[in-house]
Amino acid sequence: MSEGKLVKPQLRRLHFSKLKGTLIRTVGIAVGTGLIFKVLVCDPHERRVEEFYKNYDPIKSLQRMNDAGLMESGP
């Protein structure tokens, strides 16, 4: 008889062994998604805000709002 023995299935802690691999994949996907979001969304937004404030003059903006009548208060 050259039959090999059948491998017994894992009966104890099967859920934990499967959960370990799932958690590793999930954390990897979460970290990757976070990095992609930072590179594609946050960094360009930061650069646009920096560029805006390089040329922003708050006094000129206040004067423009006053001239347009937007800064009136009271009845």
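Student: Where is Arg13 found?
Tutor: Arg13 lies in the segment before H1. Bear in mind that this is a predicted model.

Student: What makes Arg13 count as exposed?
Tutor: Its relative accessible area is 63%. Exposed means over 50%, so Arg13 qualifies. Arg13 also has a phi near 60°, a positive value in a residue other than glycine.

Student: How many residues has H1, and how does its reach compare with the span expected?
Tutor: H1 has 41 residues. From first C-alpha to last, the helix reaches 59 Å. At 1.5 Å a residue, 60 Å is expected, so the two values are close.

Student: Where is the kink in H1 centred?
Tutor: On Lys38, with an angle of about 40°.

Student: Why is the contact of Lys38 and Asp43 called a salt bridge?
Tutor: Their side chains meet at 3.0 Å, N to O. The cut-off is within 4 Å, so the pair passes. By this rule the count comes to one salt bridge.

Student: Why is Lys38 called partly exposed?
Tutor: Lys38 has a relative accessible area of 41%.

Student: Which residues make the nonpolar surface patch?
Tutor: Ile36, Phe37, Val39, Leu40 and Val41 make a patch of about 490 Å². One of them, Val39, is found in helix H1, residues 14-54.

Student: How many aromatic pairs are there?
Tutor: The count comes to three. One of these joins Phe52 and Tyr53.

Student: What makes Phe52 and Tyr53 an edge-to-face pair?
Tutor: The ring centres of Phe52 and Tyr53 are 5.0 Å apart, and the limit is within 6.5 Å, so the rings pair. Their planes stand at 80°. Over 60 degrees counts as edge-to-face, so that is the name for Phe52 and Tyr53.

Student: What makes Tyr53 and Tyr56 edge-to-face?
Tutor: Their centres are 5.6 Å apart and their planes at 85°. Both values meet the cut-offs, so Tyr53 and Tyr56 are an edge-to-face pair. Phe52, Tyr53 and Tyr56 form one aromatic cluster.

Student: Why is Tyr53 called exposed, but Phe52 partly exposed?
Tutor: Tyr53 has 53% relative accessible area, over the 50% cut-off, so Tyr53 is exposed. Phe52 has 47%, between 20% and 50%, so Phe52 is partly exposed. Tyr56, at 34%, also counts as partly exposed.

Terms used
Residues are numbered from 1 along each chain as its sequence is written. This is a predicted model: local features need pLDDT of at least 70, side-chain atom pairs count only at pLDDT 80 or more; totals for chains, interfaces and linings use all residues. Side-chain values use heavy atoms; hydrogens and water are left out. Buried means under 20% relative accessible area, exposed over 50%, partly exposed in between (1.4 Å probe, protein chains only). Rings of Phe, Tyr and Trp (its six-membered ring) pair if their centres lie within 6.5 Å; planes under 30 degrees apart count as stacked, over 60 as edge-to-face and the rest as tilted. Patches are made of residues with over 30% relative accessible area and no salt bridge: like charges are joined within 9 Å, nonpolar side chains (Val, Leu, Ile, Met, Phe, Trp, Tyr) within 5 Å. Accessible areas come from the Shrake-Rupley method with a 1.4 Å probe; for residues, only the protein chains shown count as cover. Helices (H or I, at least four residues) and strands (E, at least two) are DSSP runs, numbered from the N terminus. The bend at a residue is the angle between axes fitted to the seven residues ending there and the seven starting there.
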